[in-house]
Amino acid sequence: MHVDPLEKIWIGIVILLTAVMLGSIFYTAFAGSVHPPSNVEVVDSTALHLTEEFAEDNLGVRDNEDGSVTVTMVATRYGFYPQHVEIPAKTPVTFRFATPDTLHGLHIPTTNVDTMVIPGYVSEVNTELQSTGTFPMYCNEYCGVGHHAMWSRVTIVPPKG
Amino acid sequence: MSETDKPDGLALGHMWVALATFLLASVLGAYQVLERAELIPLWAEGYYTSVTAHGVIMAYVLTTFFIAGFGYYCASAALDRPVWNKPLAWGGFGMMVVGVLMVVYALVTGQAMVMYTFYPPLTAHWTFYVGAALLVVGSIAWVVIMIVMPIQWKRDNPGQPLPLIMFSTTANATLWLWTLIGVAVEVVFQLIPLSLGLVDTVDVGLARTLFAWTLHPIVYVWLIPAYQAMYMFVPQVAGGRLFSDEMARVAFIMLLVFSLPIGFHHLYVDPFQAAGWKLFHGFGTFMVAIPTLITGFTVIAGMEIAGRLRGGRGLFGWLRTLPWHEPMVLAAGLALLMLTLGGFGGVVNASYAMNTMVHNTMWVPAHFHLIFAGTTIIMYFAIAYHLWPKMTGRELFSRRLATTQLWLWFIGIVVLTVPWHYVGLLGMPRRTAAMPYDPEFVAPWQSSAVLMAVGGIIMTVSAVLLIYNLVMTHAARTPAAERELRFAQAIQPPLKLPKPMNGFALWNWILVVYMGAGFGYPLLQFFILDVQPALAWGW
C-alpha cells in the first residue's frame with residue numbers, strides 16, 4: 001500500500017494528539033479520581049415512599065459523622081423535593097436522587113452537579129461546591145409538558161467552623 | 001447504459017422527499033428559536049411537538065431518504081449498470097413513505113411528545129413507533145442493494161479494486177445495518193409492546209443503553225455522504241485530483257469500525273452504567289478523531305492540488321485560485337470550517353469528566369448543529385445542486401443563488417451556534433420551552449437568545465432559497481450541459497488491493513468482537529440486576 005510521506009507525518013501528529021488527550025483523561029480519572037456519576041443501584045420507583053431513604057420525612061440535607069453531607073432528594077413531575085436545600089461550600093457532598101415517575105435530569109448551572117434521574121435506579125453525585133450563593137436546580141432532561149416548570153433552589157452557604 | 005436504465009426517478013424521488021420534509025423541519029426550527037427567545041407566546045405542547053418533529057425529520061427522514069437516493073445514483077454511475085432489483089428499491093421507498101405518514105399522524109394529533117430520542121417511559125401513540133420501524137425496515141432494501149451490487153460487480157471484474165465511491169457507499173450501508181440493531185431491538189421489543197398496552201412496564205436503563213448503541217454511529221451514517229462528496233466530487237469540480245485512494249479507504253474503514261461502539265458516551269451521566277465502561281467507551285470515542293483528521297488532510301490536499309493546478313502559488317495562494325463560485329467547492333470550504341469548530345466541541349462532549357459541565361446544556365445542540373446542519377447538510381445541498389441537473393436533465397436554475405444560499409446557511413449557523421456554546425457554558429438547558437428560573441440567573445442568557453433567533457431565521461430563509469432553486473431547475477426547459485456523473489481520480493489509482501481494503505468481511509468479524517466487548521455486559525447486566533421496570537407515562 002502506498003502512503004505519501006506527508007501523510008505519514010500527519011498520521012503521526014494525529015496519533016500523538018489523540019494520545020495526549022486520552023492521557024489527560026486517564027490521568028484525571030485514575031490519579032484524581034474524577035468520574036461521572038455512575039453508581040449502578042436499583043430501587044423500586046413505584047414504592048419510593050415505602051423505602052426508608054426516600055420516604056418524605058427523610059429527604060433533605062443530613063450531616064455525616066465524618067463531616068461530609070448527604071443530600072437526599074426526589075425528582076418528580078414537576079419539581080425536586082425538598083424544594084430548597086442549603087449546602088455548605090468546600091465540604092464533601094453526596095447527592096442521592098430517585099424518581100417515582102418518568103426520567104429527569106438535573107443540573108446546578110456553573111457546577112459539576114449534573115446527572116440523569118432514571119426510574120428504577122438511584123443516581124448519586126459526589127462533589128464539593130466551591131462558590132457560595134443561590135442557584136437554580138433545574139430539570140435538564142425532557143420529562144413531560146411541564147418540564148420547563150421543574151426547578152428548585154440550592155443555597156450554598158459558607159462552611160461551618 | 002441506456003437512458004431508461006438511469007436511476008433518475010428512483011434517486012430523484014428519494015431526494016425530493018428528503019428535501020421537502022427538510023423545508024418543513026426548517027420552519028419548525030424557526031418557530032422554536034422564536035419561542036425560546038420569548039418573541040412569541042409560550043405554548044408548551046406546540047413547542048415539544050415541534051422539537052420532536054424537527055428532530056425526527058432532520059435525523060431520520062431527511063437523512064434516510066437522501067442517503068438512499070444518493071447511494072442509488074452513485075452506485076449505478078460508478079459501476080455503470082442499472083440499480084439491481086428496482087422493484088425492491090421502490091418497495092423500500094413505499095414502506096418508508098408509509099412509515100413517515102404514520103409518524104406524522106402521531107405528531108399532528110399531539111400524541112408523540114417524546115423527542116426524537118423516544119424517551120421511555122414517556123410513551124407515544126403506537127403509530128409513532130410502528131411508523132419509525134417501517135422507515136427503518138424500508139431502508140434495509142437500500143442496504144441489501146448496496147451490498148449485492150458490489151458483489152455482482154466484483155464477480156464480473158475479478159481482482160479489480162471496487163471504485164472508491166462504491167466501496168464507501170457499501171461501508172455506509174454496512175454501518176447503517178449495524179447501527180440500527182440497537183434502536184430496532186428497543187422499538188420492537190420495548191416501545192411497540194408498551195405503546196400497544198401489551199406490556200405495562202419498561203426497563204428504562206436497558207432502553208437507553210440500546211438507544212445509545214444507535215445514537216452515535218448514526219451520525220457517521222449521515223456524515224459519510226458528505227465525506228464522499230468531499231473526497232470524490234470536490235477535487236473533480238475544482239479541477240484537481242484525489243490525494244490518496246488508499247488512505248480514503250482506510251479512513252472509511254476506520255469510520256465504520258471506530259464509530260460503531262461509541263454511542264455510550266451519551267450515557268456518561270446516566271446512573272445505571274459503571275464508571276469503567278464509560279471510560280472504556282470514552283477511549284473508543286476518541287479513536288474516531290483519527291479518521292476524521294485523516295479525512296481533513298486528504299480533502300484539503302485534494303483542494304490544494306486543484307488550486308496549484310489552477311496557478312496558485314505560495315503557502316496559501318492556492319486558496320485564492322480555487323473556483324469558489326462552484327457550490328461544491330464553496331460548500332466544502334465552509335463545511336470544513338464548521339467541522340473544525342464542531343469537532344472541538346465534540347472533544348469536550350466526549351471527555352469523560354468535562355462532559356458533566358455541558359451535559360444537556362445548549363452546548364450540545366451547538367456542537368451537533370455545527371456537525372449536522374453545518375458540515376453534513378451543507379454538503380447535501382452541494383450534492384443536490386450537483387445532481388439535480390444530471391437527474392432532471394435540466395441546467396441548474398441559478399448558480400449565483402446557490403452560492404448565496406450556501407453563504408446564508410453558513411452565516412445562519414455561526415450566528416445560531418456561537419451564542420449556544422456560550423450560554424451552554426453558563427448553564428442554559430436544551431429542549432425546554434421556557435426558563436422561569438431566578439431572573440438574575442437568566443438575565444445574562446437573553447441577548448444570546450435573541451441572536452439565536454436571528455441565526456435560525458437566516459437558516460430558514462436559506463432553506464427556502466434551496467428549495468426554490470431546485471424546483472425552478474426541475475421545472476425549467478434548459479437542457480443540462482453535462483449529464484454524466486464524474487468522480488475524482490487518485491494521483492496514483494490503485495491497481496490491486498489487499499482483500500480487506502476491497503471488502504468488509506474481516507471488518508464485520510472485528511466488529512462482532514468489538515461490539516460484544518463494548519455492549520455485551522452493559523446490556524446483559526439488566527437481566528442480572530433486580531431492576532424494577534418503570535410504568536408507561538403520558539405527557
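Is B:M115 buried or exposed? Keep that in mind while we set up the viewer.

You are looking at a predicted model, where local features need pLDDT of at least 70, side-chain atom pairs count only at pLDDT 80 or more, and totals for chains, interfaces and linings use all residues. Residues are numbered from 1 along each chain as its sequence is written, chains are lettered from A and ligands numbered from 1 in the order in which they are written, and side-chain values use heavy atoms, with hydrogens and water left out.

**Stop 1: chain B, helix 3 to helix 4**

Select B:M115. This residue sits in the loop that links helix 3 and helix 4 of chain B. Helices here are DSSP runs of H or I with at least four residues, strands are runs of E with at least two, and both are numbered from the N terminus. B:M115 is not a glycine, yet its phi is positive, at about 65 degrees. Back to the opening question: B:M115 counts as buried because its relative accessibility is 0%. (Buried means under 20% relative accessible area, exposed over 50%, and partly exposed in between, with a 1.4 Å probe and protein chains only.)

Now pick B:P121, in the loop between helix 3 (86-108) and helix 4 (126-156). The peptide bond running from B:P120 to B:P121 is cis, and its omega is near 10 degrees.

**Stop 2: chain B, helix 16 to helix 17**

Jump to B:R431, found in the loop between helix 16 (399-426) and helix 17 (439-442). Phi is positive in this non-glycine residue, B:R431, with a value near 45 degrees. B:R431 has 10% relative accessibility, so it counts as buried.

**Stop 3: over to chain A**

Finally, select A:R77 and A:Y78, which are joined by a cis peptide bond with omega near 0 degrees. A:Y78 is in the loop between strand 2 (69-76) and strand 3 (79-81) of chain A.
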